[in-house]
Amino acid sequence: VNSVCEGNTDVNDIFDLMNNTDNDKVKFHAAWVLEKLYIKDNGLLNSLFTDLLELFPTIQHIGQKRTLAKIIITYLEFAFKGKNTVISNEYFKSYDWEPIIESLFDSLIKRDTPPGLKMLCGYGLAYLSFRYEWIKNELRYQMQSQLDSQAMITGNKKVNIILSKKCKTII
């Protein structure tokens, strides 16, 4: 992480490492490094945002999916709150979010998906409901049917808070 921040390693190299290996452990650790980079300086991944979106629906490894979901959802949250982000109003309206939505719903519905990833999926879908109105009712139904753990009860509360707000910044 420090190596990238100091300019000694290119963030694209880490993305390529994550994307071009068959080793799940390497994929997960590369995704983890990207998450830590994003936490340290959320501008470091701006050039990779569309690539992350395109990669996300293809990911099968739960740990890697959770890590990239967290990055994508944080971008959506920043856009929703009007903070500096690569998701402009025009980008939000013109990007085809359907593969992301399908992947988020798929992970939310699967019984073997860990609660932490399910919560992230709910948050992402809640933010995307400002572009796709049909998501609201389906998401409420799916979140209600997932209330089998304390984590999901907490996640459901946050999803409902997001769904009840008006978004003025990206729609």
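What follows is a working chat about a predicted model of one protein chain.

User: Before I look at any details, what is the mean pLDDT of the chain?

Analyst: This is a predicted model, and the mean pLDDT of the protein chain is 83, with 85% of its residues reaching 70 or more.

User: And where is confidence lowest, and where highest?

Analyst: Confidence is lowest in helix 1, residues 2–5, where the mean is 53, and it is highest in helix 7, where the mean is 95.

User: How many helices and strands are there?

Analyst: The protein chain has ten helices and zero strands, so that, read along the sequence, its pattern is α-α-α-α-α-α-α-α-α-α.

User: What share of the residues is buried?

Analyst: Of the 171 residues in the protein chain, 47% are buried.

User: Let's take helix 2, then. Which of its residues are buried?

Analyst: In helix 2, which covers residues 11–19, the buried residues are Val-11, Ile-14, Phe-15 and Met-18. Viewed down the axis of helix 2, these buried residues fall within an arc of 100°, and they therefore line one face of the helix.

User: Why would that spacing put residues on one face?

Analyst: An α-helix has 3.6 residues a turn, so residues three or four places apart point the same way.

User: What happens at the start of helix 2?

Analyst: There, a side-chain oxygen of Asp-10 comes to within 3.0 Å of the backbone nitrogen of Asn-12.

User: Switching to pockets: how much space lies in the largest one?

Analyst: The largest pocket holds about 200 Å³ of space. Its lining consists of 13 residues, and those nearest its centre are Gln-60, Lys-65, Asp-106, Ser-107 and Lys-110.

User: Which elements give two or more residues to that lining?

Analyst: Those elements are helix 5, residues 62–80, and helix 7, residues 98–109. Helix 7 gives the most, with four residues, and helix 7 is also where the mean confidence is highest.

User: What about the lining by class?

Analyst: By class, the lining of the largest pocket has five charged, four polar and four nonpolar residues.

User: I was also looking at Arg-66. Where does it lie?

Analyst: Arg-66 lies in helix 5, and it is partly exposed, with a relative accessible area of 27%. Arg-66 and Ser-107 are 41 residues apart in sequence, while their C-alpha atoms are 9.9 Å apart in space; Ser-107 is one of the residues nearest the centre of the largest pocket.

User: And Ile-109, how accessible is that one?

Analyst: Ile-109, which has its place in helix 7, is partly exposed, with a relative accessible area of 42%. From C-alpha to C-alpha, Ile-109 and Gln-142 are 7.1 Å apart in space, although 33 residues separate them in sequence.

User: Last one: is Ser-94 buried or exposed?

Analyst: Ser-94 counts as exposed, because its relative accessibility is 54% and the cut-off for exposed is over 50%. Ser-94 lies in helix 6, residues 89–94.

User: What does its side chain reach?

Analyst: The side chain of Ser-94 reaches the backbone oxygen of Glu-90 at 2.8 Å. Along the chain, Ser-94 is 37 residues from Arg-131, and the C-alpha atoms of the two are separated by 9.9 Å.

Notes
Residues numbered from 1 in each chain as written. Predicted model: local features only at pLDDT ≥ 70, side-chain atom pairs only at ≥ 80, totals over all residues. Heavy atoms only, no water. 1 Å grid on protein atoms, 1.4 Å probe; cavity = no way out; pocket = protein on both sides within 12 Å on 5 of 7 lines; lining within 4 Å. Points joined across faces, edges and corners; volume = space filled by probe spheres on them. Nonpolar A, V, L, I, M, F, W, Y, C, P; charged D, E, K, R; others polar. pLDDT = per-residue confidence, 0-100. Buried < 20%, exposed > 50% of the residue type's maximum accessible area, 1.4 Å probe, protein only. Arc of directions from axis to C-beta. Polar contact = N/O pair within 3.5 Å; in protein donor to acceptor, adjacent residues only side chain to side chain.
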